[in-house]
2 protein chains.
Amino acid sequence: MDNLIVQKYGGTSVGTLDRIKAVAEKIARLQRSGKSIVVVVSAMAGETDKLLAMAEKLVDKPERREIDLLLSSGERISCALLSLALQALGCPAEAMTGRQIGMRTDDAHTRARIISIDVTKAVKKLKENKVIVVAGFQGINEEGDVTTLGRGGSDTSAVALAVALKAKQCEILTDVDGVFTADPNIVPEARKLDVVSFDEMLEMASLGAKVLQIRCVEFAKKYNMPLLVKSSFDDQSQGTLICEENKDMEQPIVSGVMRDDKQAKITVKGVVDKPGIASEIFSALAKAGLSVDMIIQNISEEGHTDISFTLASGDCDEAIAIMEAIASKIGVQEIISDRKISKISIVGAGMRSHSGVAAKMFKSLSAEKVNILMISTSEIKVSCIIEKKHSKLAVQKLHSVFKLDKKPRKVTQKS
Amino acid sequence: MDNLIVQKYGGTSVGTLDRIKAVAEKIARLQRSGKSIVVVVSAMAGETDKLLAMAEKLVDKPERREIDLLLSSGERISCALLSLALQALGCPAEAMTGRQIGMRTDDAHTRARIISIDVTKAVKKLKENKVIVVAGFQGINEEGDVTTLGRGGSDTSAVALAVALKAKQCEILTDVDGVFTADPNIVPEARKLDVVSFDEMLEMASLGAKVLQIRCVEFAKKYNMPLLVKSSFDDQSQGTLICEENKDMEQPIVSGVMRDDKQAKITVKGVVDKPGIASEIFSALAKAGLSVDMIIQNISEEGHTDISFTLASGDCDEAIAIMEAIASKIGVQEIISDRKISKISIVGAGMRSHSGVAAKMFKSLSAEKVNILMISTSEIKVSCIIEKKHSKLAVQKLHSVFKLDKKPRKVTQKS
């Protein structure tokens, strides 16, 4: 369908009945202009947290299967309400749940992965000129049980539907204008980016940019589905296009500065320095489903060494418990944790062809007397762990040093 | 399964997290005592109204299909929460939606009828010693769309499941102790009935007793599934058993007095008195889905007559509009409506074998100077329309005249 538009509206965009009406008017206008429209919705803002809080008051470690049934209700409600709001405007609309839209997933409850989408029904209804309103975030597994795709899963629902329906792009309507060079709350001069590559967006998402979830971007990259992130509150919003890198793209050396304050560092001291110890530690963490970010192993002294790693601060307690459990096995002397840290990162596809970017970052931080505790790099990013108290300053400094407030001239790629 | 118990908990019984915990403890005890348990739940008290109010703020006449998707969320939430509360007590439990429990309905959205239940999955899970927690009120139609069974539909879900699973009876746990001879708020001496026949309960339900919905009782009668209505708040509650009439049953002449204040009377004056006119009126009302209760046609004067009928006060405006639309066709002079009326009824299986019951009722009302506007009778009930201002007094008087506060001796049935 050449005139197909797939849009996703986030929780704040459908957070109140008035917002739902406003979104319905937007969609009805598009429909009158001759578009075929599939709309994916999140739960009304706060709803998912409210449901989760109820579950947590009942049981410490809730069964994931039941949590999925519980949480999926939030999207069903917003989906039915938006459909009703469209009908009130005389716009033919039909609400569809994850199951009804044909969203099949594996059975990893609360973080299920999409296996397939059978869009037969959706295509039929689109041909009947109906706007399809889809409850995001959810699907069903082979057993027929409701599954959810994890936080921000509605973005992934939308991208997967756009791919299955062969849309030209997938629009993510949210409460911000697009992807920025830094968090405007920290850096008032932060600039909205017009275009970002999938790879950059992946790094940004994993480094603390909250506008899109990693899995959604991964999915979009895998199927080369361009994402247009824009504001649902401002009709003038041009947004940010996230797409495959190409030579015509505006390609600054650094596209953005990210901060992630929800990090913790654990240091395991006095570990016996012999082959297999690191494997012992990180296998135990992986088995518990904990994602470790950076790892440092000190130089060995007298057959012992220290190993430090970082992870999401929410996983810190569990990680410490796991370390304590294997402490005697690997000969640990002490386990130290530090939650007063931040990860500051710079991301830019242009780094591939420019050297000295990391050095410039370290020098700038050092000039501000910001101590760097750990470093990790990839082709298109540099991350540093610093003390949390310096994190705002560091972001502001790096934003200014790399001139992110100014629209860059096109950088010609070295070939 | 000989040890099978099917229970249904109403909205107030699962109205708060504390109530849900209390219900879970009850069920866990039953489970430990070796019972196989299927629990059907309503939405948390107030939830359905809250969802409906949101829909009504968005659109005047909401699509029933979308309303079903919206409202069914309420039961899904309480069902997931109760299942989690059971798991917290170490009681293996699994939440199942209407679809998952195999509840197939026709596609009359918001008042769907159950077509079949495929209990294969339920039986399998019961054999795994799991408590099955079912979201009541909902099913799916052939198209796979969510349907709901109408207000109080969870009772019907429970009875249908009890029938499909061949349970010995179906327990309806609610916020009252059982079925009473009258509303205890009006008649403090009202007595709880130990046993009521299906037929009596059907009359009571249709005459204003709110404890059970008519459709649930119809269903139970059709499949001869005994219903035990009791309190979920009081473990000592013995409740009321609703079952097939039998000779051993306590069989008072009058079992209860009911009041229905939500009635309206419409009088169509000066209708041409010729064949087909009544049919014209009541076909038009039936076509709009309005249920008419009592009908009176006056004696004709000079070729004209008046026709009065009663219906639920909520349908009054629509009925008047329909009468106005056909007024010229049937030669109406005036349409008068009266909402200040009540229907007072006495019900009792013993009436079948005793004459003079209606006369006694009329005489008692007359002694209190209560004017009777309309009368309707069946084998086991007598209903009178009276002015609303007398309704409390009338109930109290009849309760006392028929000695409903006293447990009757067994009445031997004439044969």
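Helix H8 (residues 277-287) of chain A packs against helix H9 (residues 316-330) of chain A at about 145°, and their axes are 10 Å apart. Axes here are lines fitted to C-alpha atoms, for helices over the stretch in contact, with angles running from 0 to 180 degrees between N-to-C directions. Helices are DSSP runs (H or I, at least four residues), numbered from the N terminus. H8(A) and H9(A) make a right-handed crossing, meaning that the near helix is turned clockwise from the far one by less than a right angle.

From H8(A), Ile277(A), Glu280(A), Ile281(A), Ala284(A) and Leu285(A) meet Ala319(A), Ile322(A), Ile326(A), Lys329(A) and Ile330(A) of H9(A); contact needs C-beta atoms, placed from the backbone, within 7 Å. Sorted by class, that contact has eight nonpolar, no polar and two charged residues (Ala, Val, Leu, Ile, Met, Phe, Trp, Tyr, Cys and Pro are nonpolar, Asp, Glu, Lys and Arg charged, and the others, Gly among them, polar).

## What kind of model this is

This is a predicted model, where local features need pLDDT of at least 70, side-chain atom pairs count only at pLDDT 80 or more, and totals for chains, interfaces and linings use all residues. Residues are numbered from 1 along each chain as its sequence is written, while chains are lettered from A and ligands numbered from 1 in the order in which they are written.

Chain A has an average pLDDT of 92, with 97% of its residues scoring at least 70; pLDDT is the predictor's confidence in each residue, from 0 to 100. The ipTM is 0.85 and the pTM 0.86.

## Helices H10 and H11

Also in chain A, helix H10 (residues 357-367) and helix H11 (residues 391-401) have axes that come within 10 Å and cross at roughly 130°. H10(A) and H11(A) are therefore oblique to each other (angles under 35 degrees are roughly parallel, over 145 roughly antiparallel, 65 to 115 roughly perpendicular, and the rest oblique). The crossing of H10(A) and H11(A) is right-handed.

On the H10(A) side, Lys360(A), Met361(A), Ser364(A) and Leu365(A) meet Ala394(A), Lys397(A), Leu398(A) and Val401(A) of H11(A). This contact has five nonpolar, one polar and two charged residues.

## How the two chains pair up

Key:
Helix = DSSP H or I, 4+ residues; strand = E, 2+ residues; numbered from the N terminus. Contact = placed C-beta atoms within 7 Å.
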